[in-house]
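Subject: Structure handover

Dear colleague,

Here is the structure that I promised to pass on to you.

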Amino acid sequence: MSTASNPAIDREASREELEAQGWAALPASYRIPDTAPTLAEARAWCKHLAETHYENFHVASWFLPKRLRPHFHAIYAYCRVSDDLGDEVGDAAQSVALLDRWNEELNACYEGRARHPVFVALAETIRECGIPKEPFADLLIAFKQDQTVTRFRDRDEVLAYCRYSANPVGRLVLYVCGYSDAERFRLSDLTCTALQLANFWQDVAEDFQRGRIYIPQDAMRRFRVTEATIAAGQATPEFRALMRDQVAWARSLFEAGIPLIGMVDNELALDLDLFTRGGLEILRAIELRDYDVLSARPVISKTTKIGLALRAVSGKLLPGLRLKSKAA
């Protein structure tokens with residue numbers, strides 16, 4: 001006598017198998033524990049992840065009020081693990097399964113059932129700062145999109161991607177610092193999108209190796225650049241002209257977002273100034289290579305980074321030295 005399989009059970013079993021394979025490709029500490037840690041343990045976990053996985057976190061956190069640092073540790077840890085679930089597993093189906101599970105844990109967090117250290121710490125941040133679920137959920141949409149979408153028709157599609165991949169981070173920072181108005185969100189979105197674009201243009205060759213091209217397809221056609229050019233690693237005159245156009249686009253967004261620096265408290269203004277200067281410096285590094293981002297990755301030297309930090313600190317002590325929009 002044969003027994004018909006239950007499709008729902010089969011799907012769940014398949015997802016569990018994909019999850020198990022995905023977790024195996026990641027650090028064991030990322031896995032969801034059976035027993036939730038204490039808040040102190042969870043915050044220590046997030047702090048360790050932030051300070052060991054992101055070299056710039058120490059610099060950025062120096063300028064933030066000490067009372068806010070646990071919140072930024074928790075947000076960074078959420079973003080870091082989410083990103084790794086999407087990018088470090090090496091299998092799209094496994095990544096999607098893990099991101100779906102992570103989304104369920106996010107829902108559980110908002111329902112008071114957090115288990116993972118990230119969500120135990122994040123629950124307190126959410127409560128104290130009044131953060132809605134949307135920006136956290138939006139990031140997961142972007143990471144899932146990365147598994148299936150690898151080309152973008154035009155700037156509108158790139159901007160739509162940044163709306164999920166970059167802009168939520170800026171809004172989370174504003175929430176933690178006590179801001180939640182539409183105008184600051186708008187300016188933050190401009191800055192975050194500009195930072196995302198700067199990173200895209202810096203990493204054209206690396207992203208291509210991952211199977212992704214963020215340069216709008218219509219721009220590539222307009223400048224007569226093909227994927228074969230990128231694959232060959234040859235910065236032709238046409239490619240350089242294409243990248244000049246993309247760099248100008250990113251710079252215009254940085255310029256439009258600069259007024260936010262003057263609309264927040266000194267500590268956050270310093271961080272915004274630092275990251276805006278850093279993004280502009282990435283664009284400058286691309287320009288100094290005559291827009292050749294294929295033969296080598298444009299980078300900011302440690303000396304330049306120190307200079308950026310010092311200028312940002314000077315802007316805190318002397319607000320007149322802060323970045324200002326040319327239109328101001």
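A residue is called buried when its relative accessible area is under 20%, exposed when it is over 50%, and partly exposed in between, with a 1.4 Å probe and protein chains only. Please bear in mind that this is a predicted model, in which local features need pLDDT of at least 70 and side-chain atom pairs count only at pLDDT 80 or more, while totals for chains, interfaces and linings use all residues. Residues are numbered from 1 along each chain as its sequence is written, and side-chain values use heavy atoms, with hydrogens and water left out.

The protein chain has 16 helices and zero strands, where helices (H or I, at least four residues) and strands (E, at least two) are DSSP runs numbered from the N terminus. Of its 328 residues, 48% are buried.

Two loop residues have a positive phi without being glycine. Arg 224, with phi near 60 degrees, sits in the loop between helix 12 (217–222) and helix 13 (227–232), and its relative accessible area of 74% makes it exposed. Asp 290, with phi of about 55 degrees, lies in the loop between helix 15 (266–288) and helix 16 (302–317), and counts as partly exposed at 38% relative accessibility.

The search of the whole structure finds one cavity of 30 Å³ or more, and the space in the largest cavity is about 40 Å³, a volume being the space filled by probe spheres set on the points, which are joined across faces, edges and corners. Its lining includes Phe 200, Asp 207, Arg 212 and Tyr 214, and helix 11 (residues 204–209) supplies the largest share, three residues.

The second largest pocket has a volume of about 180 Å³, and among the residues that line it are Glu 134, Arg 163, Arg 171, Tyr 175 and Asp 189. Helix 7 (134–145), helix 9 (167–176) and helix 10 (182–202) each give two or more residues to this lining, and helix 9 gives the most, with four.

With best wishes

Methods. On a 1 Å grid over the protein atoms alone, a cavity is a set of points where a 1.4 Å probe fits but cannot get out, and a pocket is an open set with protein on both sides within 12 Å along at least five of seven lines; lining residues have an atom within 4 Å of a point.
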